Amino acid sequence: MSKPICVPEIFGCDAFNETTMKRRLSAGAYQAWKQCILTGTALQLDVANEIAEAMKNWATEKGATHYTHWFQPMTGITAEKHDSFITPAGEGKVIMEFSGKELVRGEPDASSFPSGGLRATFEARGYTAWDPSSFAFVKDGSLYIPTCFFSYTGDALDKKTPLLRSIDEVSREAVRILRLFGDNKTKRVQVSVGAEQEYFLIPKAFYAQREDLRLTGRTLFGAAPPKGQELDDHYFGAIRTRVSNFMRDLDEQLWRLGVLSKTKHNEGAPCQHELAPIFTDASNACDTNQLVMMVMKKCAAKHDLVCLLHEKPFAGVNGSGKHNNWSLCTDSGENLFKPGQTPSQNAQFLLFLAAFLKGIDEYQDFLRCTVAYAGNDHRLGAHEAPPAIISVFLGDELTAVVESIINSTNYKDPGKRTMQIGVDSIPAIPKDNTDRNRTSPVAFTGNKFEFRMLGSSQSIAGPNVALNTIMAEELSQFADILEKADDFESALHQLVCDTFTNHQRIIFNGNGYSDEWKEEAKRRGLSNYASAAEAFPHYISQKNIDLVTKHGVFTESEFRARHEIHLQSYNKLINIEARTMVDMVMHQILPAAMHYSSDLAESVNRKASVLGSDSDLAEKSLLERISCRCNTLYQKSEELYQNIKAVPEDSAAAAAYNNNVIVPGMQAVRKDADYLEKLTAKSYWPYPLYSDILFY
C-alpha cells in the first residue's frame with residue numbers, strides 16, 4: 001500500500017515561493033522583491049546577491065548541484081543549460097557559489113533556436129534574464145530559474161517576453177477604466193488563466209514498435225478497430241489502476257513544485273485523460289503548463305507508459321486540446337468578468353464584456369492564427385473540437401441582456417423600464433444561468449471566457465498574448481472616449497449600446513458543428529480558415545501589425561519573425577510526417593503485405609493442384625485484392641515521394657503546397673495502407689494495431 005500524501009505539507013516544498021522567501025530573506029530584500037513584482041522597480045545588486053545566496057542554499061539543501069536558466073524559445077517547448085554551483089577554492093577544493101549576477105542574467109547559445117530571420121545562424125550570442133514574478137524550483141538535481149530569452153540586439157527570442165509585455169498593457173488600460181468607475185485603489189489588474197490539459201497514455205512497448213509515433217507523435221496509419229468510443233464508456237469512467245498510479249505520482253510531483261493540479265479524469269477517447277489546474281496569473285500559468293507537459297512525459301516513463309501530447313494521435317477517436325480559461329482580476333481579487341450585485345458593478349461588467357466582444361470580432365483572424373498548427377488541423381472543425389470559425393457563446397440569459405440593450409427593450413424589469421447602462425439604473429444580471437456550449441471556440445462560463453481552440457501540444461503563451469493585447473486595445477479606445485465625456489453615464493450607455501450593436505455578429509449560441517452555421521457565418525462576414533496554411537497569411541495583416549506594435553508587445557520585426565517560424569514549423573512537421581509515411585510503406589507495410597500475399601499464392605497453388613485451377617478459393621480472391629492494393633499503394637507512395645522533393649523553397653509557398661498537395665497525398669496513401677491492414681493476417685502486420693494500443 002502506498003504511503004499517504006499530506007498535500008498541505010508537500011505543496012510547493014520544491015519551489016522557492018513567497019513563503020520560502022519570507023523565511024530566508026531579510027525584510028528589506030523581501031520588500032524589494034515585492035516592489036519589483038508590483039511596480040517593475042529594478043532590483044539592486046546587493047538585493048539580487050542576497051536572493052541568489054538564499055536560493056542557492058535552499059536548493060543545495062534539497063540536493064541540487066546545478067542551476068539552469070529555464071526559458072521558452074519559439075520551438076514551443078522549454079530549454080535549459082545546466083551549470084554547477086562549484087567554484088575553485090584552491091588546493092584542489094571547491095565551494096558552492098551563486099551570485100546575483102548569475103541569477104539575473106545568463107548567456108546560452110542562441111544560434112540553433114528558431115529566430116525567423118531575427119538572427120543569422122553564425123550569430124550565436126543570446127541572453128536569458130530572470131523573471132522574478134515566476135518562482136524558481138528544484139527538479140532532478142538542478143535549480144530551475146524561469147527566465148526570458150532575447151538576442152544580442154535585444155529582440156525577444158522567446159514566448160514569455162511578449163506575454164509579460166501584454167500583461168502589463170492590459171493591466172494599464174484596465175486600470176484606466178476602473179478609475180472612471182471610481183476605483184482609486186486598484187494598482188494592477190492581473191490576467192487570470194487556467195489551462196486544461198488533455199493527453200493520451202499508451203504502453204511504452206507499443207510506442208517503441210511504431211516508427212510514426214516515435215518520429216511524429218501520432219499514428220500515420222491505423223485502420224479503425226471494431227470498437228472506438230461509440231459507447232462513451234471511457235468518458236469519466238473508472239480510472240484503471242495503472243493509470244491511477246501514474247496520476248497519483250504526477251499529482252504529487254506537481255504539488256511539490258507548487259503546481260495547482262486540481263482535477264483528473266478519463267476523457268472521451270480510449271486511453272485519453274485530462275488534468276485541470278486551479279487558475280493563477282497568466283505568466284505562472286504559462287510556466288506551469290510547460291512544466292505539466294514536461295513532468296507528464298517523465299512520469300509516464302516511470303510507469304512504463306508514454307504520454308502523447310499530439311492533437312490527433314489516433315484517427316477515428318477524439319483528439320486532444322487545451323482549454324484556456326481567461327479572465328481579468330484586480331489586485332484585491334475582484335473578477336472583472338463577474339456580474340456584480342450592484343448596478344455600478346453590472347455597468348462595469350457590461351463595459352468589459354463589450355470590449356471583449358468588439359476585440360474578438362475585430363481580431364478574429366489574429367486569434368485564429370495563434371492556434372494554427374499542423375497537429376491542430378486534425379481537430380478544428382471536427383465533431384470533437386470547435387470549428388475554425390471564431391464566435392463567442394454568451395448563453396441565452398446574457399444574450400437577452402445584450403439584445404435588450406441593443407433594442408432598448410425591457411429585460412425582466414418589474415418597473416417596465418428600458419435597459420439603461422447607468423451606474424445607478426441597470427438591473428441584476430445572471431451569473432451562470434445557462435448551459436455550456438462545447439462547440440463554441442470562445443465561451444463565457446460565468447466569470448471567465450474559455451478559449452477552446454488550442455492544440456494539446458501548444459504553448460499557451462501565444463493565444464494569451466493575443467487575448468491580452470486585443471483587450472488592451474479595446475479598453476484603450478473605450479477609456480479615450482469616456483475620459484473626454486461630459487456626461488459619463490450617457491456616454492457609457494451609448495458606447496456599450498453601439499458596441500453591442502456593431503459587433504453582435506460574433507455572438508453565436510448554437511451548434512458550431514452544423515453546416516448551417518458555416519453558411520450563417522459566411523453571411524455574417526466571419527472568417528473561416530479551415531487549415532493552418534489558410535490562416536497563416538492573415539497573421540501579418542497590417543491591422544495585426546499595428547495592434548501589437550502600438551502596445552509594444554512586439555516590434556514589427558519580432559512579429560514577422562514569428563510568422564516565419566510558424567510557417568517553417570508547419571512545413572517541417574508535414575515534411576517529417578510525409579517522409580516517415582513513405583519510409584513505413586516501403587520498409588514495413590508493403591513487405592508485410594507482399595510476404596502474406598506470397599504465402600497466399602503458395603496456398604492457392606497447393607489447393608489448385610488438388611481441386612483444379614478453376615476452383616473458387618478464398619485465398620485466390622484475397623490474393624487478388626491484396627495484390628491490387630499493393631500496386632496502388634506503391635504508386636501513391638512513389639507519387640508522394642516525388643511531390644516531397646518538389647516542395648518550394650519559399651516558406652509561404654511551401655505551406656500552401658504542403659496543404660494542397662502533400663497532405664491530400666498522405667491521406668491517399670493512408671487509405672490504401674489501412675485497407676491492406678484489414679486484409680493482412682495480424683501475425684504478418686509489422687506494428688501494433690489500434691485495437692492493441694487503445695484497448696491494452
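User: What should I know about the numbering and the confidence limits?

Analyst: Residues are numbered from 1 along each chain as its sequence is written, and side-chain values use heavy atoms, with hydrogens and water left out. The model is predicted: local features need pLDDT of at least 70, side-chain atom pairs count only at pLDDT 80 or more, and totals for chains, interfaces and linings use all residues.

User: How many residues does helix H3 have, and what span should they cover?

Analyst: Helices (H or I, at least four residues) and strands (E, at least two) are DSSP runs, numbered from the N terminus. The expected span of a helix is 1.5 Å times one less than its number of residues. H3 (residues 27-39) has 13 residues, so it should span 18 Å. Its end C-alpha atoms are 18 Å apart, which agrees.

User: Which residues of H3 are buried?

Analyst: Buried means under 20% relative accessible area, exposed over 50%, and partly exposed in between (1.4 Å probe, protein chains only). In H3, Ala29, Tyr30, Trp33 and Cys36 are buried. They cover an arc of only 120° around the axis, so they lie on the same side of H3. The arc is taken from the directions from the helix axis to the C-beta atoms. On the face turned away from that buried side sit the exposed residues Ala27 and Thr39.

User: What covers the buried residues of H3?

Analyst: Contact means heavy atoms within 4.5 Å. The cover includes helix H2 (18-24), helix H4 (45-61) and strand S7 (126-130). Just after H3, Gly40 takes a positive phi of about 80°.

User: At what angle do helices H6 and H10 cross?

Analyst: Axes are lines fitted to C-alpha atoms, for helices over the stretch in contact, and angles run from 0 to 180 degrees between N-to-C directions. Angles under 35 degrees count as roughly parallel, over 145 as roughly antiparallel, 65 to 115 as roughly perpendicular and the rest as oblique. The axes of H6 (residues 160-180) and H10 (residues 282-302) come within 10 Å and cross at roughly 155°. That makes H6 roughly antiparallel to H10. Lys160, Leu163, Leu164 and Ile167 in H6 meet Ala282, Ser283, Cys286 and Asp287 in H10.

User: Which residues touch the most other members of the largest nonpolar core?

Analyst: A nonpolar core is a set of buried Ala, Val, Leu, Ile, Met, Phe, Trp, Tyr and Cys residues joined through side-chain atoms within 4.5 Å. The largest has 124 residues; Phe221, Leu328, Phe352, Leu353, Leu394, Met471 and Phe500 touch the most other members. Helix H19 (residues 556-611) gives the largest share, 15 residues. A second, separate core of 24 residues includes Trp70, Phe137, Leu250 and Val295.

User: Is Thr147 buried or exposed?

Analyst: Thr147 counts as buried because its relative accessibility is 1%. Its place is in strand S9 (residues 142-151). Beyond four places in sequence, Thr147 touches residues including His69, Trp70, Trp130 and Lys160.
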